[in-house]
Amino acid sequence: MQIKEITTNKTDYTDILLIGDEDKKMINKYLEQSTLYALYKNNVLASICAVAEIDNETVEIKNLATYPEYRNEGNASALIDFVCNKYKTNFKYLILGTGENINTLKFYKKHGFQETHKLKNFFIENYSHPIFEDGKQLKDMIYLKKIL
Ligand SMILES: CC(C)(COP(=O)(O)OP(=O)(O)OC[C@H]1O[C@@H](n2cnc3c(N)ncnc32)[C@H](O)[C@@H]1OP(=O)(O)O)[C@@H](O)C(=O)NCCC(=O)NCCS
């Protein structure tokens, strides 16, 4: 397994980023200011994580996704660990916003994140079409924070 830091030609990764965030317009809002961390298995792209610096003490995971055939092998967890180690020297907090999905929230809490607040109706007001995950329409954006 290999993790590469990507700072140029980031649009080459649009396909995998669309798994974590299905609206290209939303991706384009954060792609330029984000660094991508791409995880490869035997030189094949398996997972991606987009990270943006928010202020002097906070970095945000803007996107985290694994191709279906590489899920449940610890790839997204490895990316979270990598990002925590990378940023912990210079930043205090790692934050992220996600849909209200029990599996996703459980996953992040297992990795040391705690819920801080929610943005009511974020997915309804900011996306051009309804977003469904595991058969449930996403409405609020749940924010989580981890102390690095
Ligand atoms: C969430 C996601 C990135 C996890 O990737 P992964 O490489 O399989 O992650 P890992 O192998 O490190 O961990 C697997 C864990 O993810 C959990 N998980 C998190 N979100 C999940 C979801 N929406 N559906 C199913 N499982 C999910 C699994 O339950 C499993 O938990 P466990 O470790 O307690 O068994 C991947 O399922 C994915 O790309 N989902 C679609 C995009 C998405 O929902 N992104 C997260 C919001 S930004």
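Read along its sequence, the protein chain follows the pattern β-α-α-β-β-β-α-β-α-β-α-β-β-β, where helices (H or I, at least four residues) and strands (E, at least two) are DSSP runs numbered from the N terminus. The radius of gyration, taken over C-alpha atoms, is 15 Å, close to the 15 Å that the globule rule gives for 148 residues, so the chain is as compact as a globular protein of that length; the rule itself is 2.2 Å times the number of residues to the power 0.38. This is a predicted model, in which local features need pLDDT of at least 70 and side-chain atom pairs count only at pLDDT 80 or more, while totals for chains, interfaces and linings use all residues. Residues are numbered from 1 along each chain as its sequence is written, and side-chain values use heavy atoms, with hydrogens and water left out.

Turning to the interior, 46% of the 148 residues count as buried, meaning under 20% relative accessible area with a 1.4 Å probe and protein chains only. In soluble globular proteins, nonpolar side chains tend to be buried together. A nonpolar core is a set of buried Ala, Val, Leu, Ile, Met, Phe, Trp, Tyr and Cys residues joined through side-chain atoms within 4.5 Å, and in the largest one, which has 24 residues, Cys 49 and Leu 64 touch the most other members. Helix 3 (75-87) is one of the elements that each supply at least two residues of this core, and its seven residues are the largest share.

Leaving aside residues up to four places away in sequence, Cys 49 touches residues including Tyr 37, Ile 61, Leu 64 and Val 83, where contact means heavy atoms within 4.5 Å.

Note on methods:
Buried < 20%, exposed > 50% of the residue type's maximum accessible area, 1.4 Å probe, protein only.
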